[in-house]
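Let's take a walk through this one, a stop at a time. Have the viewer open and follow along.

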Amino acid sequence: MISVGSGATAPDPLPPLEEAIAKERDDAASPAAAGGGGGERSGTQDYQQRKSGPWLHAWHDPVAGMVCFSQHMCVADLHGDGDHRLVLVDRKKRIRIYRGTSIQWEQRLLEPPVAVQCFYHDTATPPIPTLVVAAGHQLFIYRHLQPYMKFALPPLPIDEREKDTWNRLEGLPEGEGVEEAFNQLMKLREAGVQLSRRSMDLLAVDDVAQRAKTAEEHKGVPLVQLPAISCMETLRQNIDQPTGVSVVVVAAEAFSHKGIIFILNPHVDKILRKVELDGTPAFVHCLGLYDVEYRLTVATRDGTVHTIKNGALLGSAVELETPCCGLVRLDKFIFVGCMDSVIHVYHFKGKKSHSIHLPCPLTTLTGLSLPRLRVQRALLVTLNDGQVRLYGNNGKDLLHSFSLLNDDIVTGALFGQYGREEGALVLSCKSGAILVKILSRTSTLEPARSGSSLSDGEEATGGPVPAEQDVPLNIPKKTRLYVEQMDRERQSAVHMHRTFQRDLCRLRLKTARAYVSNLVDMGQSPTSVPSTSGAGEAHLSLTADVIGLTGPHFDVQLRIHNAGSHALSNVCVMCVSSPPGLYALTPAMAPLPLLLPQHTSVHTIRAQEQPPEGGGAPTGAGQVRCFVVRMAVEGRGHQAARPLTTVYVQMPISEGG
Amino acid sequence: MRARAPLQPQDKKINPFFHALSKYRRHQYDDCLALCGSLLRQNSRDQAAFVLKCRAITAKHWLDDLEVEVEGLADALMEDNVAATAPRPGTSLQRPLSSAQQAGTGPSQAVRPVSATGRPVTGFTRPATSARPTSSQQRDLITTAMAMSARPGTAASGRPVTSAGRLVRLGTASMASLGTDGGGETIQVDGIDFHKYAKRPEIAKALCDYLIYFLRQPRKALDLAAEATREASFADWWWKERLGKCYFQLGLLREAEKQFRSSIGNDSRVVTNLELARVYLKLDQPNAALEVYQKASEKFPGDISVTVSMARLYEDLNDSQKSIGLYKRVVARDPVNAEALACLAAHHFYSDQPEVALRFCRRLLLMGVSSTELWNNLGLACFYAAQYDLAITCLDRALMLADDGVSAEVWYNIGQVGIGVGDLGLSYQSFKLALSIDPNHAESHTNLGVLELRKGNIEQAQLAFSHASRLAPHLYEPAYNSALVAFKLGDFQDAFNKANMALQAYPGHHESKELLKQLKLQFMAF
């Protein structure tokens, strides 16, 4: 894995608005930058960072109310006047066209749209593009902002036997024949026939009564299977120019787990080509010219990436571990964003180049392509935590990253010409906000090296050097005392060593003596050493807690853990207070239930402090000694002389009755 | 100048009052009380003797209540003086700045152990001042309060101090002893008419102190002080200060604050400022307390008690840089201030400069402090500063001086030395010994678990770790260790839970995060 280079900057200190605009105007040094709708600097107070890396903040509308995915956004010069418009559609069946910072046109759509594209259908002057919106199985074509035409994809062929089954059902009254139809369809499915959606619905119903109802609903409706469009792209036909005529590539879902790619002519009235493939297409990317040579990269919902070359599906497909959630193609590389926060980079021939690991899942993946720059291509990734990252050098270098404020997440991103500005990035956010940023003219899409201009305020950490190397380690200063002590060590090394070894031996002896005396006293501690008194594998450990604040009632809670591998039976716990008579213990002796292996059983003993005999002064706290003993069973050996484990519990001082 | 002749026993011409006064000055309070008693028996209206007796009894039982604040269990649990229920970090003692990641203030939790309140272990235990548990505790409030109000240094199974216990019991105990002491009878205060006394400020002041410090009856003292301050037409700072003190002891913190403020307005003294700051601390407003300290330090530049209190407060707020800076200032002025020296020693020890810690501990030793804790710290500092010949002797001495509870810590440190040397047998025995003395010592459990793991007793290790994390959920080591063992055994669910617990205790723990990442990979593979 190639490590991701750093280019992340600390944000610049916030200059006041007017100063920043004046500064940017001076920097840009061209009147075109200030003109045009996209150049308006009417940012709100939230976005106080005027300049963030290579991105200049242009416009932010936090209450636009349009939540769009990348496929729902498109920029085009709809009126041929050089002022590109932004076309947005959203799932609320609206289509909106923005000019500059204001809405130019808004309309309702008939169906929730899936994708929107703009392309040129002929070479007229002035060149007016067509706007096509894909929804359901139809394509709606708009020209001059007026609905122009509608094209419906042809229905798919349904198997004859299925048609027969449904036809038979038609004639029968309600409730009859449903079972036969059901079985028939089941057989067809097992035989591998692709069934229509209606049949799949019927097969999915478990309840018999429900089945009859479902069948009834579909009666009278002709059986057609329409393809459902999932994404749409345009492919230039013969000239590789922005105003060149294009064909429309539509990817649709045919039957379940089967997809079809349609290529339609520029006038959208004829299907030029049809390619079938396994798996429902989710993302499509086009490269090349239709008339000459073209490649389509299709990512399906089940995690495969297919390539279609010149209308023929290539055999080699890329299999992904997790489903794909973004597809971008730049030059010779395919970037596939996956759901496990990784972007895999493949050569277009199918060989994997490298992967980019992200800290959190990604939401969109867009490619940047600016012909005027030396380095033309870059990759834009937006993440689930609001970050927007720019990668260069085929994804090997992180050029820049910024975060959206207010915990917003980008749902759709688009890079293209907006207004008169060539390198504009349009972001649609989850909160419904729209954000437009412009790639500054002085920036190159290269990692910052000394002298190179990504932006002021950025450290020159070019290349794959991670930023963590610049942070100094927190080593304390060498003190004079330290040096003196080192000197002492050097001079009296032998003496120090001898003393140390002698002391260490003495310490070992002392520790061992204390340890042995501890053991011999049969465990002064509540966590005593288990005794292996020949009682078999009796590994018990016993701990005790005292519950009770002030007394005179206390509860001693014993936790007995059987650490061995056999269950232990016939054990009981006996308690004695010391000094004797200080505490009245109930129960003083209690049999324990079967002690399961690897199990802790809890046992409570109530201790009540007795007032001293003869009314003397309270003697203070004492101890309660608990023993776990093996009980003698009738006719089977004698009672063990030693308890299995012991615990001496120090009782707290009670405040008297 | 004639030399004073020494007092002869036959010299009975000495004025007994003068005698009593000189005994008082020499801090021989019992003798003084005896003499005053006899004077009062001769003439029960002898005001001077009365005043002297008050003063003597007060001085005998005087407790610096700025230093000693005993918050009982009931007070800790039912604390409703706190103003904010969800304070911002850094503005309340219950939510100090989240530990060391804040701009690198001090070593992280990986290096400096954390006590049960969630703050780094301090160098100097003060009696129950910083007893408020932080809000990041897993245990419920009662267990933490119980563990807190147990006297520090004793095992957690020690008894909590009930409300105002120490103050009350001291009073009662000494009353009892006074009864047997021939000379001094206690002064009956019930029948005293405060009006009369209020007109005589000298007597009234002595009586007020007597009420506050000996009889521990702040109510009566309050009445007296209220009368007296009215008599003094609200111009005497002393009465207002005493009023504030009484209100504080009665728990009426806002009134106490008012009185202290007006007393400062009259005549600002160090003591009043410190008491005002204490009121704010009780109200859980550390920033207000800091302001008071700042003003006081401007007015009395270089005063040690103010600096020490400020340093303590910064330590409670987890801002160790400022705290250490202030302690250094204290040491510069007062080279024998034990608290500052101890805190500095602890700080340097945990910031990887054990030789500096050694120097501070040596100074404490030279001062004559000779306790188990100090020898223990000396031993550890020597060991980590590579002065091995001295290290073990110090630890030995620490063991010798140790009484019951603290020797567990010393054995634990001996175990650490053993691990450092490589003698695992020594470590094992030491940890076992530590546990035999204090069964609730979670750190020994953890280390014992690690040693068992090395020997291959996996179940025992797991038991030890689970025991340790049950005893001390604020430690991240046992949780992480048992997560690692569970992971190696294949119990991913258990490992996941334990790793999350470890991260809760110490959010910056790198290995736990790595473990969680690996676990996530495992879980996703299904």
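Is K498(B) buried or exposed? It counts as buried, because its relative accessibility is 15% and the cut-off for burial is under 20%. Keep in mind as you look that this is a predicted model. K498(B) sits in helix 25 of chain B, which covers residues 492-505. Leaving aside residues up to four places away in sequence, K498(B) touches A479(B), S482(B) and A483(B).

Staying in chain B, have a look at the surface. L453(B), I458(B) and L489(B) form a nonpolar patch there, and together they have about 250 Å² of accessible area. I458(B) belongs to helix 23, residues 458-471 of chain B. With 36% relative accessibility, I458(B) counts as partly exposed.

Chain A has 8 helices and 38 strands. Of its 657 residues, 48% are buried. If you take the contacts in chain A with a separation of 6 or more, 52% of them come from residues 24 or more positions apart.

Zoom in on strand 4 (residues 85-90) and strand 5 (residues 94-99) of chain A: they run antiparallel and are joined by 5 bridges. Within that part of chain A, L86(A) stands opposite Y98(A) of strand 5. As a reminder for reading any such sheet, side chains in a regular strand alternate between the two faces.

Further along chain A comes strand 22, residues 342-347. Why call strand 22 of chain A largely enclosed by the rest of the structure? Because 5 of its 6 residues are buried. Strand 22 of chain A has an antiparallel partner in strand 21 (residues 333-338), with 5 bridges joining the two. I334(A) has Y346(A) in strand 22 as its bridge partner. Strands 21 and 22 of chain A form a hairpin with 3 residues between them, and S341(A) in the turn has a positive phi of about 65°.

Strand 22 of chain A also pairs in the antiparallel sense with strand 23 (residues 352-357), over 5 bridges. In this pairing, V342(A) has H357(A) in strand 23 as its bridge partner. Here too there is a hairpin: strands 22 and 23 of chain A have 4 residues between them, and G350(A) in the turn has a positive phi of about 120°.

On to the charges. Side chains of opposite charge can pair when their charged atoms come close. Over all chains, a search of the whole structure finds 31 salt bridges. One of them joins R211(A) to E179(A), with the closest N and O atoms 3.2 Å apart. R211(A) lies in helix 6 (residues 208-218) and E179(A) in helix 4 (residues 178-190) of chain A, so the pair ties together parts that are 32 residues apart in sequence. R211(A) is buried, with a relative accessible area of 8%, whereas E179(A) is partly exposed at 34%.

Back in chain B, the side chains of K205(B) and D236(B) meet in a salt bridge, at 3.3 Å from N to O. K205(B) is in helix 8 (residues 201-215) and D236(B) in the loop between helix 9 (218-231) and helix 10 (237-250) of chain B, so this pair ties together parts that are 31 residues apart in sequence. D236(B) counts as buried, with 19% relative accessibility.

R254(B) and E257(B) also form a salt bridge, with their closest N and O atoms 2.8 Å apart. What separates these two along helix 11 (residues 253-266) of chain B? About one helical turn, because R254(B) and E257(B) are 3 residues apart in that helix. R254(B) is partly exposed, with a relative accessible area of 42%, while E257(B) is buried at 13%.

For a last stop, find R55(B), D209(B), E241(B) and R242(B), which are linked in a network of salt bridges.

Note on methods:
Residues are numbered from 1 along each chain as its sequence is written. Chains are lettered from A and ligands numbered from 1 in the order in which they are written. This is a predicted model: local features need pLDDT of at least 70, side-chain atom pairs count only at pLDDT 80 or more; totals for chains, interfaces and linings use all residues. Side-chain values use heavy atoms; hydrogens and water are left out. Buried means under 20% relative accessible area, exposed over 50%, partly exposed in between (1.4 Å probe, protein chains only). Contact means heavy atoms within 4.5 Å. Two strands pair if DSSP finds at least two bridges between them. Patches are made of residues with over 30% relative accessible area and no salt bridge: like charges are joined within 9 Å, nonpolar side chains (Val, Leu, Ile, Met, Phe, Trp, Tyr) within 5 Å. Accessible areas come from the Shrake-Rupley method with a 1.4 Å probe; for residues, only the protein chains shown count as cover. A salt bridge is a side-chain nitrogen of Lys or Arg within 4 Å of a carboxyl oxygen of Asp or Glu.
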